[in-house]
Amino acid sequence: MPRNPRNPRRLAAAGRVYLWTLRHSHRVLNGGRSADCRETLTLYPQPVGTGGPLRIVFAEGPGRYVPGEFPLGSGDVGYVRGGSLNLHEPGAVRALLDAASALGWQPGERRAVEVDGWPLLEAAAAARTGDPGPAGP
């Protein structure tokens, strides 16, 4: 039986447990086309009450893709000429969590935090491929 995409998934990282969800949103134009697509990855520190959620948002823009329909699958985000991730993959979620933590996000923070995912993407994509990238050793 396939997993229900509305149910949160579990991720263990750095001695903590998180539940995470992925949502696609957009506006629908008069002709039925979608505009302003965005993917929002939300991580909830567990147990409940030990920290506020982290929302990592990927909004479409020039040189970026955030599709929600054919031919690219839901959850794919990336630069037209650069790194990309499938946000349905636990490894991609872990890499983004690590990148957000490296930039100062603290899982024990009590309020919800929303961050732009684009500055995290290259580091997370490089971590997924094992490539240290231009800032590597």
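Student: Where is Thr40 found, and how do you know that this stretch is a strand?

Tutor: Thr40 is found in strand β3, residues 34-46. Strands are DSSP runs of E with at least two residues; helices are runs of H or I with at least four, and both are numbered from the N terminus. This is a predicted model, numbered from 1 along each chain as its sequence is written. Local features need pLDDT of at least 70 and side-chain atom pairs 80 or more, totals for chains, interfaces and linings use all residues, and side-chain values use heavy atoms, without hydrogens and water.

Student: Why is Thr40 called buried?

Tutor: Its relative accessibility is 14%. Buried means under 20% relative accessible area, exposed over 50%, and partly exposed in between, with a 1.4 Å probe and protein chains only. Therefore Thr40 counts as buried.

Student: What does Thr40 touch?

Tutor: Thr21, Leu22, Arg23, Arg55, Ile56 and Val57, not counting residues up to four places away in sequence. Contact means heavy atoms within 4.5 Å.

Student: What makes Phe58 a buried residue?

Tutor: Its relative accessibility is 0%, so Phe58 counts as buried. Phe58 lies in strand β4, residues 54-59. Leaving aside neighbours within four places in sequence, its contacts include Cys37, Val66, Leu96, Trp118 and Leu121. Phe58 and Pro119 are 61 residues apart in sequence, with their C-alpha atoms 9.8 Å apart in space.

Student: Val66 is in a loop. Is Val66 buried or exposed, and how do you know?

Tutor: The relative accessible area of Val66 is 4%, so Val66 is buried. Its loop runs between β5 (64-65) and β6 (76-79). Among the residues it touches are His24, Arg38, Phe58, Asp76 and Trp118. C-alpha to C-alpha, Val66 and Arg38 are 6.2 Å apart, at a sequence distance of 28 residues.

Student: Is Ala14 buried or exposed, and what makes it so?

Tutor: Exposed, because its relative accessible area is 73%. Ala14 sits in the loop between β1 (9-13) and β2 (16-28). Its phi is near 50°, a positive value in a residue other than glycine.

Student: What kind of peptide bond joins Gln46 and Pro47?

Tutor: A cis bond, with omega about -5°. Pro47 belongs to the loop between β3 and β4.

Student: What describes two packed helices?

Tutor: The angle between their axes and the distance between the axes. Here α1 (residues 90-102) and α2 (residues 118-129) have axes that come within 8 Å and cross at roughly 125°. That makes α1 oblique to α2. Axes are lines fitted to C-alpha atoms, for helices over the stretch in contact, and angles run from 0 to 180 degrees between N-to-C directions. Under 35 degrees is roughly parallel, over 145 roughly antiparallel, 65 to 115 roughly perpendicular, and the rest oblique.

Student: Which hand does the crossing of α1 and α2 have?

Tutor: Right-handed. The term applies if the near helix is turned clockwise from the far one by less than a right angle; anticlockwise is left-handed.

Student: Which residues of α1 and α2 meet, and how do they divide?

Tutor: Gly91, Ala92, Ala95, Leu96, Ala99 and Ala100 in α1 meet Leu120, Ala123, Ala124, Ala127 and Arg128 in α2. They divide into 9 nonpolar, 1 polar and 1 charged. Ala, Val, Leu, Ile, Met, Phe, Trp, Tyr, Cys and Pro count as nonpolar; Asp, Glu, Lys and Arg as charged; the others, Gly among them, as polar.

Student: How many helices and strands does the chain have?

Tutor: It has 2 helices and 8 strands. Buried residues make up 34% of its 137 residues.
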